[in-house]
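Please find below my notes on this model.

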Amino acid sequence: MASMCSSVSNSSPFLASKPSSSSCRSKSKLSTIRCAIGEIISEAKVSSSTEPLLLSAVKGEKVERPPVWLMRQAGRYMKSYQLICEKYPSFRERSENVDLVVEISLQPWKVFKPDGVILFSDILTPLPGMNIPFDIVKGKGPIIYDPLRTAEDVSKVREFVPEEFVPYVGEALTTLRAEVKNEAAVLGFVGAPFTLASYVVEGGSSKHFSKIKRMAFSQPEVLHALLQKFMTSMAQYIKYQADHGAQAVQIFDSWATELSPADFEEFSLPYLKQIVDSVKSTHPNLPLILYASGSGGLLERLSLTGVDVVSLDWTVDMAEGRRRLGADVAVQGNVDPGVLFGSKDFITKRINDTVNKAGNHKHILNLGHGIVVGTPEENVAHFFEVAKGIRY
């Protein structure tokens, strides 16, 4: 049986990039790692480029250690972010002001030097530009003022034009690239069509998703029309982010796992595939990452989207996820965010366990979800210290 960690070459070179920091040029000798199933990992192509470590890892090139970043890097645990919240209590204001977006995005970079610097924004940011007013209310989360429930409602949704409605996103990404240079990959992100549709049909967050399921099962043509509009708009948004500095983009389909496998294949998978196909037609070298919380039952279907990286949550064993996804797909994750409340020795053990199971090929170390409220900053610092000290 071929190893699920065997090397897969990628013939498409990434766009030319600026020189990176010495961490991406280390000549440390790499040792062989065994996968959890006991097979030897094939020799990977040695990277001679000076691009960010994260991009080299996604391409399957030999790297000295796994690149590492954390989802939801600022906000819930950094004191520096909380101070900004006190001064600017509106999330919309914080996420739509170029200077604030850049400052918040760089907070974890300045302290921990992760291998990925993600744009500070929200998956709902495009909604006003699609004629869907919303706000994010402290203690309540997203509020959609006029939920979409009928064909007439959906007909009023406009195609999103990023240049017109969110120029601050492009400006922020351009500034981040200039600040970070190529010492880390600048990451953009978007919401997936079904997840965005869930918010705008439910009117915000939901526990049972009864309203969008009612639409899916009683008016599927209405939901498909809405999903198609989100697909077109999010494909354009990804391209816009790439054109303004994003070196990889993560797609969040947070609520797709509320669907059965059969319903996922109807209401989520086709639109994710269309996004990937559209983006790859114009930006073939842009890595796309897909994350869906609680996706253990859908892993094989996630890989059918054509994304470059599938991000695993912590409920999936990393070695099992590797087997199920196959060697062509890079993996991201998947330390339980709760681990960061443990002792430093415990954190170290869990990091090493995850890396050992992932192997030394196409792995981005991350949490299996965003950081939890109240996570000690010193434990985050330890997470990065251990991760960046790993050598294959």
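Leaving aside its neighbours within four places in sequence, which residues is Phe 383 in contact with?

1. Phe 383 is in contact with Val 68, Leu 70, Val 335, Leu 340, Ile 347, Ile 351, Leu 365 and Leu 367, its neighbours within four places in sequence being left aside. Contact here means heavy atoms within 4.5 Å.

2. On provenance: this is a predicted model, in which local features need pLDDT of at least 70 and side-chain atom pairs count only at pLDDT 80 or more, while totals for chains, interfaces and linings use all residues. Residues are numbered from 1 along each chain as its sequence is written, and side-chain values use heavy atoms, with hydrogens and water left out.

3. The protein chain has 16 helices and eleven strands; these are DSSP runs numbered from the N terminus, helices being H or I of at least four residues and strands E of at least two. Of its 392 residues, 55% count as buried, that is, under 20% relative accessible area, with exposed meaning over 50% and partly exposed in between (1.4 Å probe, protein chains only). Among contacts between residues at least 6 apart in sequence, 74% join residues at least 24 apart.

4. The largest nonpolar core has 127 residues, and those touching the most other members are Ile 132, Val 200, Leu 226, Phe 230, Ile 238 and Phe 383. Helix α10 (residues 220-243) supplies the largest share of this core, eleven residues. Such a core is a set of buried Ala, Val, Leu, Ile, Met, Phe, Trp, Tyr and Cys residues joined through side-chain atoms within 4.5 Å.

5. Leu 302 sits in helix α13 (residues 299-303) and counts as buried because its relative accessibility is 1%. Leaving aside neighbours within four places in sequence, Leu 302 is in contact with Phe 264, Leu 290, Ser 295, Val 307 and Val 310. Glu 265 is 37 residues from Leu 302 in sequence and 9.9 Å away in space, C-alpha to C-alpha.

6. Val 372 lies in the loop between β11 (363-367) and α16 (377-389). With a relative accessible area of 34%, Val 372 is partly exposed.

7. UniProt (unreviewed entry) places the feature "domain: Uroporphyrinogen decarboxylase (URO-D)" at residues 67-76 and 187-203; such annotations may be inferred rather than shown by experiment, feature names are shortened, and positions follow the numbering used here. Residues 67-76 are 0% helix and 0% strand, with end C-alpha atoms 22 Å apart. For residues 187-203, the span is 59% helix and 29% strand, and the end C-alpha atoms lie 28 Å apart.
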